[in-house]
Structures are given as C-alpha cells and as structure tokens.
Amino acid sequence: MALVDFTLEGHVAVMTMNSGENRLNPSFLAAFTSALDEIEQKTGATVIVVRSAHEKIWSNGLDLDWLITVANQPEVAKPFFLDLMAYYKRILMSPCLTIACINGHAFAGGAIGACAYDFRFMRTDRGFFCFPEVDINIPFLPGMMALLKTAMPPATLNDLALTGKRLTADQAVAAGLVMSAAPNEELMNLVMNFAKAQNKKRATVKGIKNTLYAEAVHIMDTEDTPIIESGRLYV
C-alpha cells in the first residue's frame, strides 16, 4: 500500500494517509508531495480532502525516532526542515481548495500541518488537537508560527501555543479553529457534502491565496534552517 494515495469523486480528490501515525519524515513528505503532484497535474480536481487510514490518529507530527538518528548529520537534518516547510507551503498554496478531515489525533507537526489547509473538520468521538511544543521544549519556527496565524484567531493561538492545551473537536469549533465536527461515522459525509458544493476555478483560488496568505508565505520563504543538537531542535 502506498504511504499516500487518492481517489476521485467528481471534482473532489480524496487523499488518504496510510503511514500508520503519519509521522513526518522524508519518505512521507515525498509520498504526499507525489500524490499532490498527480492530482494537480493529471486531474481536474478543484477540491482536495485529506484523511487518515489510522483508526485513531490523523498525524502525530515529526518522526522523532528518525530525527534522532540523523541529529548529528546536519547535511540530512537541516535540509529536512526546509522540505518540511515546503510541504506546509505546498498545501497552503495549492490551487485547489484543501480540507483536512481530522479523523483522529492531530499533534505537534501534524497539527501544524492541519493549519495549512483552507478548511478543517474534526471527529467528535475520538481525537485531540494539540501543540505540545511548549511542554517538550521545542520552539516553533517562524514559518510555522506564521502558518498558524492563518488558521485561527490570535487568542486561540496564544492559548494553544503557550499552554499546550488539548482541544476536543467541539472545543476546536468553538475556538474558531475547526469549521465543523461530527462523530466518525458521519464525518466523511459532512466533509464531502461541503467539498462537493465547492467547485471554484483553480486560477481564481490561486490568485486569492497569493494575497490571503502572502505574509505567511514570505516568512516561510525566508525561513532559516534550524540547529539540531542531540535530537533537540533550536532556532
């Protein structure tokens, strides 16, 4: 099974992440980007929905086990963070409308990735949305923080970034982070009903995003590579 695959339902491409906890490492980023390339270059899809095949996890963030193994290899570790920012930016600036169908836990780098989507829907019966960076002593890179600012009100961002609080789906909706939520057995129908009602021209969507996300993209484009020491990230 591919790490990431997709199916088409009319103008909606449904991507499924099949990499277990969908932790972010070079193999996952390459597979995701390849699937996105195929959708954008070989189909007429105008909406992309991304879900997880895992029964309880949407994405658990960076593959720290892998990162530790390359912590003393800056020629590997530093380029990975540039690739990670490119992955976030690629989702953010897709000419398609993008929807995160968060059907499980979204933590750390996975939660940051969810913020790159234009819309978020979340499962109510299982899964938290959380930035634990403050508790594991890993700061946000400037490009990551710029990305988060596109996805939620300032008060919500301050609360989540500085406390490491875990939000349920209903709390995420109330906080302005998630558009809507439903139990798992209803979530995909909710997402697809919304997705199928959207069929905007790619060129127009791209033009709007160029302005809407201009500040975040500028910061992401000028991101410095972080320092990796003994498996720990420093900016």
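Where does His 11 lie, and what is around it?

A: First, this is a predicted model, so local features need pLDDT of at least 70 and side-chain atom pairs pLDDT 80 or more, while totals for chains, interfaces and linings use all residues. Residues are numbered from 1 along each chain as its sequence is written, and side-chain values use heavy atoms, with hydrogens and water left out.

Now to your residue. His 11 sits in the loop between strand 1 (4-9) and strand 2 (12-17); strands (E, at least two residues) and helices (H or I, at least four) are DSSP runs numbered from the N terminus. With 19% relative accessibility, His 11 counts as buried (buried is under 20% relative accessible area, exposed over 50%, partly exposed in between, using a 1.4 Å probe and protein chains only). Setting aside neighbours within four places in sequence, His 11 is in contact (heavy atoms within 4.5 Å) with Ala 45, Thr 46, Val 47, Ala 195, Lys 196, Gln 198 and Asn 199. From Ala 195, the backbone oxygen lies 3.4 Å from a polar atom of the His 11 side chain.

(A nonpolar core is a set of buried Ala, Val, Leu, Ile, Met, Phe, Trp, Tyr and Cys residues joined through side-chain atoms within 4.5 Å.) The largest core has 63 residues, and Phe 32, Tyr 88, Phe 129 and Phe 131 touch the most other members. Helix 3 (residues 74-92) gives the most to that core, with 9 residues.

Tyr 88 also turns up where helix 3 packs against another helix: Leu 84, Met 85, Tyr 88 and Leu 92 in helix 3 meet Gly 143, Met 144 and Leu 147 in helix 6. Helix 3 and helix 6 (residues 142-149) pack at about 20°, with axes 10 Å apart; axes are lines fitted to C-alpha atoms over the stretch in contact, and angles run from 0 to 180 degrees between N-to-C directions. Helix 3 and helix 6 are therefore roughly parallel (under 35 degrees; over 145 is roughly antiparallel, 65 to 115 roughly perpendicular, the rest oblique).

Phe 131, for its part, has Ala 108 among its contacts. Ala 108 lies in the loop between strand 6 (105-107) and helix 4 (109-114), and has a positive phi of about 50° although it is not a glycine. Most residues other than glycine have a negative phi.

Note on methods:
Polar contact = N/O pair within 3.5 Å; in protein donor to acceptor, adjacent residues only side chain to side chain.
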